[in-house]
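The following note sets out numbered points on the structure shown below.

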Amino acid sequence: MAARATFIFYALFLTTLQFLLTHHVSSAARGLWKYIAPNVGISAMHMQLLHNDRVVMYDRTNFGPSNISLPNGNCRDNPQDAVSKIDCTAHSIEYDVATNTIRPLTVQSNTWCSSGSVRPDGVLVQTGGDRDGELKTRTFSPCNNNQCDWVEMNNGLKKRRWYASNHILPDGKQIVMGGQGQFNYEFFPKTTNPNVVALPFLAETHDQGQENNLYPFVFMNTDGNLFMFANNRAILLDYVKNTVVKTFPAIPGGDPRNYPSTGSAVLLPLKNLEADNVETEVLVCGGAPKGSYNLARKKTFVKALDTCARIKINDAKPEWAVEKMPHARVMGDMIPLPNGDVLLINGGSFGTAAWELGRTPVLAPDLYHPENPVGSRFESLRPTTIPRMYHSAAILLRDGRVLVGGSNPHAFYNYTGVLFPTELSLEAFSPVYLQREFSNLRPKIISPEPQSMIKYGTNLKLKFSVTGEVTTPAKVTMVFPTFTTHSFAMNQRVLVLDNVKFTRKGKSPMYEVQVRTPRSANIAWPGYYMIFVVNQDIPSEGVWVKLE
């Protein structure tokens, strides 16, 4: 065992060294990593930021004890667990960003590879999972007294939802789409008939023996319809009428981009929100070539895809535009940032998702600048030292950092004698805009007050201070907190609000910008958003507002 452990250590060392030499990552690379928690007790497979700046994380409940005990000496019967039939450990936690502390939560049924969204009232609704969790829904209501916990509902779903995707809708309901063996969608709560709606597109994009269409990429278009990407194709779906409004060309090259050939996708920031036809662009990056999953199961690990494809979905004749990214990447996360850039982080450069099937971690994040010309959009950033492979996650925090955790490519928690040990740590990656050299450009929002309510289609005044130079006008963005798992951040929305008026208060460092709030729930569904002021690409710390 000692010899194997030594081999694994040197294998990881050589992997890191090879990466640094191959990609010429120098000490001048930008961005900063901070190791913020060595052991949060669980591997963070799923993450959701709530409007009290706490993050709910969870993994699965039937693969043995975690490293954090349930509160008050509680235990639960766990007959499906192959390791411990009586389990006294937690498989969900709440992480408090402000205090860098964790609190164990109690989840009773299996949440493995599930999905979720945040309701307009700020409550996290989590759907599905495996085995005894496959038809369940669960809610978590944010609180500041450490008394809140998961509440579970039996038969909240009509169909088994395992590897499904969720999206919040303009009326505040959630749509739950797909999942293993499910070529259909349904709504939660159950206020729509029929309860389950067939979607042939999911059957058409299913690769026999490989799937490649799980955790489909779903984004709400500005007309209220849903853009849905699965495998290598996409449609625009009117989910009310169950009608395919538009069929998009297949992604160039035809390789799959969804689980287990897991790439990622983002909805680029929405701008000019008062326009009759708001331009809506989707970016899909990474994944694995056709056949990679079956080859990886035979111990042949194919190099991941190193391309991104971008499409304007509201064009009359939309076409994909392909560009190269710095690293081949499978199982990577794509995180929209408050200044409009996109962070690509985590994953490996060979193999696919699923147990033991990924190789050669990609340690360096890449920053994508969507406004730059093709050929100058990517920037490689400072690498981490911790591989984040299968079952890792990343989310944006209100202070502008990206929280990174998880990585457990094994059927159980496994810390020794394996290539990629189960990872219980948390890191925070600070993008370039948080570097000290830009501190004098960073705005500080004075008003509105945190948790303020804002209305649709009205003028909103933001007062802020900046000690350095301010461009005219400063930009205001609103960002919805995503639910992230398996390389996909669900419920994405970054809105660049239309500027109405910008003024400076005398010679003081105080400024006021007046912007127009979104005009309808199709542009931005109701709920809690983080609002930022951006000066020369440097965002302020966000302030929570509630759009209703």
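1. Buried area is the accessible area, taken with a 1.4 Å probe, that two parts lose on being put together, summed over both. The model under review is predicted. In these terms, domain 1 and domain 2 bury about 4700 Å² between them, and 58% of this area lies on carbon and sulfur atoms. On the side of domain 1, the residues that lose the most area to domain 2 are His51, Leu273 and Arg398, which together account for 16% of what that side buries.

2. As to the bounds, the domain assignment of the protein places domain 1 at residues 32-434 and domain 2 at residues 440-547. The contact draws 73 residues from domain 1 and 45 residues from domain 2. The centres of the two domains, taken over C-alpha atoms, are separated by 25 Å.

3. The polar side of this interface deserves a separate entry. Between domain 1 and domain 2 there are 31 residue pairs in polar contact, with both residues at pLDDT 80 or more. Several strands give two or more residues to the side of domain 1 that touches domain 2, among them β2 (46-49), β8 (115-118), β12 (165-168) and β16 (217-220). Strand β30 gives the most to that side, with five residues.

4. How many salt bridges are counted between domain 1 and domain 2? The count is one salt bridge. The side chains of Arg398 and Glu541 meet in a salt bridge, at 3.2 Å from N to O.

5. Arg398 also forms a salt bridge with Asp53, where the closest N and O atoms are 2.8 Å apart. This pair links distant parts of the chain, 345 residues apart: Arg398 lies in the loop between β30 and β31 (402-406), and Asp53 in the loop between β2 and β3 (54-58). Asp53 has a relative accessible area of 16% and is therefore buried, the cut-off for that class being under 20%.

6. For the structure as a whole, the count comes to 25 salt bridges. One of them joins Arg401 to Asp399, with the closest N and O atoms 2.9 Å apart. Are the two partners buried or partly exposed? Arg401 is buried, because its relative accessible area is 18%, whereas Asp399, at 23% relative accessibility, counts as partly exposed.

7. Salt bridges that share partners join Arg54, Glu94, Asp96 and Arg103 into one network. Within this group, Glu94 forms a salt bridge with Arg103, the closest N and O atoms being 3.1 Å apart. Glu94 and Arg103 are both buried.

8. The last point concerns strand β36 (residues 475-479). Why is β36 described as largely enclosed by the rest of the structure? Four of its five residues are buried, so the strand is largely enclosed. β36 pairs in the antiparallel sense with strand β42 (residues 527-535) over five bridges, and with strand β39 (residues 494-496), also in the antiparallel sense, over three bridges. Thr477 stands opposite Phe532 in β42 and opposite Val496 in β39.

Conventions:
Residues are numbered from 1 along each chain as its sequence is written. This is a predicted model: local features need pLDDT of at least 70, side-chain atom pairs count only at pLDDT 80 or more; totals for chains, interfaces and linings use all residues. Side-chain values use heavy atoms; hydrogens and water are left out. Buried means under 20% relative accessible area, exposed over 50%, partly exposed in between (1.4 Å probe, protein chains only). Two strands pair if DSSP finds at least two bridges between them. Domain bounds come from an automatic or database domain assignment. Contact means heavy atoms within 4.5 Å. A salt bridge is a side-chain nitrogen of Lys or Arg within 4 Å of a carboxyl oxygen of Asp or Glu. A polar contact is a pair of N or O atoms within 3.5 Å; within protein, one must be able to donate a hydrogen and the other to accept it, and residues adjacent in sequence count only if both atoms are side-chain atoms.
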